[in-house]
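Please read them with the coordinates open.

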Amino acid sequence: MTQGGQPREHHWDALRAFLMLLGIPYHVALTYQVGEGQMWIVNAHEGVAGFTEIAAFLHIFRMPAFFAIAGYFAALLLARRTPGEWMRGRMRRLAIPFVVALLTLNPLLNLACELSNFSLDAAARSWVLNSSKSGGYWIRHLWFLIVLLYYCAIAAALVGWFPALAGRQLSPERDGSWARHFTLFWFIVAVLVGVWEAASIEFFYMAGLATNIPQQILRFDEAFQYVPFFALGFFVARTTDIKGRLYRPSPVIVVAAVVFTGLAMLYAKGLWPPYGRFLKTIAAIMLMQPLFLVVRHVFSQQSRLINRIVDASFVIYLFHMPILTWLVVLFLPVAMPALLKACIVMMLTLGLSWLAWEVVVRSRLLRLLYDGVQISGNRSSAGQNRTPKLVRS
């Protein structure tokens, strides 16, 4: 299988799946984090030392890298398809599962969250009240689909208005020059994105937009936050030499990743928010390069198991939150060490989410509703009639 006539880069699929599956340990860490004021949407009533730091570390790079990969795939696909054709596919792939999960999975998720804090009657009353008033209560972990649809629509519109953008590559001279000074180039990118992160989100709050519709429902703040990463991935896909440098070790960038990540985890929360966002952005950009490098070398060859995980990752992500929250509630009366309980909850969440995928993949209707994949033929089973990965990006 190829991408635009070139050998398929399996590591991009693998990394995207890996980042989605990291949502499980990330949300488990949030659930069982320690400290006053650290309670997440579901209340485990106990915590594990170190989980706050694990959640903070994963949060630094996970979604920035995910949106960079989304931008990378968008650039590749818009070079091969018309904007309208690609956008119709994006609506099927993203919008249908978003609406279906919002209506069928998130109400169950929210009920479990209420039961973690209240008795059955009080939980039901709180569930009804919040369902009628809070947009964020409905959106929950599906926010990234809204943001991704924004980016896809913008990318498709730009290519539609300026057709030359469809296959335009960075000039060989500039590509080569920036690649030769890649470390400096990467630091400049990090600083520019950091300034954007510091300023754009602060202006969003200063404008009084942190309200139910623009923030909780439309997620404009997160759209502003992650658009530079999507643009960075789109840009990298249109280069040759710069992309090649992503796959080569850079001791300076590795050291910077360690230093800035440590600084972000130690001090970002205590800084003025724009400064904290700037620091975390530098850490995210620095972490992304060694992450791309390692995944490129580990997952460069096609693997049947990895292909299965890639296929399953989106559905697993949709289902893992309601499964996780209900497991937390079920384990509330169980007396065992919090660390052991958190590990059991995490493994069960992964296993049951995979089981949900096994059910979904065997039904053409469920595959369309929860995975956005339209299956042709008589059967829809794992490994059969699979849509090419790029169509699913």
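**Notes on the predicted model**

1. Arg219 sits in the loop between α11 and α12, where helices (H or I, at least four residues) are DSSP runs numbered from the N terminus. Its phi is near 60°, a positive value in a residue other than glycine. Most residues other than glycine have a negative phi. Arg219 counts as buried because its relative accessibility is 10%; buried means under 20% relative accessible area, exposed over 50%, and partly exposed in between, with a 1.4 Å probe and protein chains only.

2. The model is predicted: local features need pLDDT of at least 70, side-chain atom pairs count only at pLDDT 80 or more, and totals for chains, interfaces and linings use all residues. Residues are numbered from 1 along each chain as its sequence is written, and side-chain values use heavy atoms, with hydrogens and water left out.

3. His45 also has a phi near 60°, positive in a residue other than glycine. This residue is found in the loop between α2 and α3. Is His45 buried or exposed? His45 counts as exposed because its relative accessibility is 53%.

4. Ser116 is in the loop between α5 and α6. With a relative accessible area of 2%, Ser116 is buried. A polar atom of its side chain lies 2.6 Å from the backbone oxygen of Cys113. Its side chain also makes a polar contact, at 3.4 Å, with the side chain of Asn117. A polar contact is a pair of N or O atoms within 3.5 Å; within protein, one must be able to donate a hydrogen and the other to accept it, and residues adjacent in sequence count only if both atoms are side-chain atoms. Leaving aside neighbours within four places in sequence, Ser116 is in contact with Val42, Asn43, His45, Val329 and Leu332, contact meaning heavy atoms within 4.5 Å.

5. Helix α5 (residues 106–115) is mostly covered, with eight of its ten residues buried. Those residues are Asn106, Pro107, Leu109, Asn110, Ala112, Cys113, Glu114 and Leu115. Their cover includes α4 (83–104), α6 (120–133), α7 (135–139) and α16.

6. Helix α2 is likewise mostly covered: eight of its nine residues are buried. The buried residues include Tyr26, His27 and Leu30. Among the elements that cover them are α1 (10–21), α3, α16 and α17 (338–360).

7. How many residues are in the largest nonpolar core? It has 116, and those with the most contacts inside it are Tyr32, Phe67, Phe144, Trp186, Met286 and Phe319. Helix α3 (residues 51–78) supplies the largest share of this core, 19 residues. A nonpolar core is a set of buried Ala, Val, Leu, Ile, Met, Phe, Trp, Tyr and Cys residues joined through side-chain atoms within 4.5 Å. Setting aside neighbours within four places in sequence, Tyr32 is in contact with residues including Phe51, Val328 and Val345.

8. Ala156 belongs to helix α8 (residues 143–161). At 8% relative accessibility, Ala156 counts as buried. Beyond its neighbours within four places in sequence, Ala156 is in contact with Leu78, Pro83, Trp86 and Met87. Leu76 is 80 residues from Ala156 in sequence and 12 Å from it in space, C-alpha to C-alpha.

9. The largest pocket holds about 1,700 Å³ of space. On a 1 Å grid over the protein atoms alone, a pocket is an open set of points where a 1.4 Å probe fits, with protein on both sides within 12 Å along at least five of seven lines; lining residues have an atom within 4 Å of a point. Points are joined across faces, edges and corners, and the volume is the space filled by probe spheres set on them. Of its 47 lining residues, Tyr26, Leu30, His59, Glu222 and Lys280 lie nearest the centre. Helix α3 gives the most to this lining, nine residues. The lining divides into 24 nonpolar, 13 polar and ten charged residues. Here Ala, Val, Leu, Ile, Met, Phe, Trp, Tyr, Cys and Pro count as nonpolar, Asp, Glu, Lys and Arg as charged, and the others, Gly among them, as polar.

10. The second largest pocket has a volume of about 530 Å³. Its lining has 21 residues, with Phe230, Ala231, Leu232, Phe234 and Phe235 nearest the centre. Two or more lining residues come from each of α8, α10 and α12, and α12 gives the most, seven. By type, this lining has 18 nonpolar residues, one polar and two charged.
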